[in-house]
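Hi,

Here is the structure I promised to pass on. Have a look first, and my notes follow below.

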Amino acid sequence: MTTDILKIADKTFKSRLFTGTGKFSSTNKMREAILASESELVTVALKRVDLEKESDDMLVHLNGSQINLLPNTSGVRTAKEAIFAAELAREALQTNWVKLEIHPDPKYLLPDPIETLKAAEELVKLGFVVMPYIHADPVLCKRLEDVGVPCVMPLGAPIGSNKGIKTLDFLEIIIEQSKVPVIVDAGIGAPSHAAFAMELGADAVLVNTAIAVSQNPVDMGIAFKMAVEAGRMAYNAKLAPIKNRAEASSPLTSFLNDIN
Amino acid sequence: MSFKDTFEKYDWSVLEKEIYEVTPQEVEKVLLKDKIELEDFKKLISPAAKPYIEQMAQRSNAITRKRFGNTIQMYIPMYLSNECQNICTYCGFSMNNGIRRKTLSDAEILKEVTHIKKLGYDHILLVTGEANKTVGVPYIKHAIDLIRSQFSNISIEVQPLHQQEYETLISSGLYAVLVYQETYHKATYKTHHPKGKKSNFDYRLDTPDRLGKAGIHKIGLGALFGLEDWRVDSFYTALHLKYLQKTYWKTKYSISFPRLRPHQGGLDPKVEMTDTDLVQLICAYRLLDEDVELSLSTRESETFRNHCIHLGITSISAESKTNPGGYSVESESLEQFEISDERTTDQIKQMIQSQGYEVVWKDWSKSYVSVD
């Protein structure tokens, strides 16, 4: 297999599986699962981290190894709050990377497209590497690209639902049109969903709940790693076309070859 | 428009009849559905659903783990004052209860906070009675300002306020307000709240509307079980929840399950709610709403709380004192009610972890509410 490296802004990733830190039964279990998954980018909710405590449990467990921390703005409802949270994270965690999540709706945590675009534009100007969590909205993806985000993160299904790729038609358009990496975020509930997203041509997937809530997060982390690799390999190898009709083994027009 | 308009479309006795006439077949039909609606909730809290509690519990456990993961959030109440101008037949702080009143000074609040911080808490719930001259909005605002730097998340459980007053407190860093209707039975409500501002049923009923309009992050709802039939009260609570979720869609909601507990000058519950009933209700709420936070206080027993970790509960308190200054200032002042689970915070933490759950102390950033 040829080297297939994902590049976002100034960073390169061997693994196309991004993970999260929420919902695990313990920080130990979280670390073990993330290490087993070989994920190199892990999102951390700013609201869960104790920035005033030097030895925050979660951060202590994630330090070292190949893991890059990606603070997210989960919990904010407006662009203004998101910008403030991003600045706070940059200072506290010493990273200008931020996963932009603005969901004024606390029930389904659906992203606000208007506030997200506003915040992304401002944050890019402030020097942030902005990874926006959004609906699978092709036009919004292009608008975000225009303001300078290095990737887009459309949802596959409502967050935490484990329903898989429910936004298929729109993801296909996004992947077809995008000039920046497309990372399918939210909704991926099984390794098969992740493999499917990768086969479609997604550049990476972000998985949290499906790993954290499984009976064995370590094994599930490994399963996702393998699924993402398989899906990517299949995409690169170009899938055989899907046919609705059988192809005749004795073609009707082959005689033309003899005539010409 | 407010919840009152919705509320008035329903009749207590009709609802009661509907809930008590549910058949096992109707319950079974509901349990086959993927999406549980308000009408279905009525079936799930009915006496006919009792044989199906295990089935409901399994489903509640699975949904809760899916939405909240293997986590339980921790919070602690801090009583600021037991002064109160209301007469409530079931409450230890009732004005006609001849006890010594106590309101914490700044120094006392900070002493309590020092104690609470040592226990590890980052989410705090401030509680007062209703005494506008001594513990009105300026006192509450001052208390929030005083402790804001020490907690990520500050909630209050105080008298209903005006929208503007809530807006003032939110701009000071307030995150959530818990306001229980006590009972949705208007006539019963009047008999239990004969005197004081609290006797105004309608004003209390519309409090969550004022909170929603003020833009609060979270509203806690609930009924006090024991005053009236818990099934009908819970249906109204669920109705209230659904109305609020549609109207104030940016706000988060939590439900609590207070059962009448012994206190000085106590009242025996009119309607008993057994542990089995409470489990049924917790599961019914979870089936109705995957995302609503379900909270359990130290009113409940050790055994009960241990098992509730798996039933759908998402946040609990521990080592609570229900009297002002109870943690470090004045342990003997009058408590609002007796707690049942007296284990230390550390013991509760170990219990949660031993059941395969993570204890979450911080789940909010105070910076999100103080950016203005």
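Strand β5 (residues 68-72) of chain A is mostly covered, with 4 of its 5 residues buried (buried means under 20% relative accessible area, exposed over 50% and partly exposed in between, with a 1.4 Å probe and protein chains only). Before I go on: this is a predicted model, where local features need pLDDT of at least 70 and side-chain atom pairs count only at pLDDT 80 or more, while totals for chains, interfaces and linings use all residues. Residues are numbered from 1 along each chain as its sequence is written, chains are lettered from A and ligands numbered from 1 in the order in which they are written, and side-chain values use heavy atoms, leaving out hydrogens and water.

β5(A) pairs with strand β4 (residues 41-45) of chain A in the parallel sense, over 5 bridges (strands are DSSP E runs of at least two residues, helices H or I runs of at least four, numbered from the N terminus; pairing takes at least two DSSP bridges).

In β7 (residues 129-134) of chain A, 6 of 6 residues are buried. A:V129, A:M131 and A:Y133 point one way, and A:V130, A:P132 and A:I134 the other. Strand β6 (residues 97-100) of chain A runs parallel to β7(A), joined by 4 bridges, with A:L100 partnered by A:P132.

On to helix α3 of chain A, where A:E87 is found. A:E87 is partly exposed, at 33% relative accessible area.

Cheers
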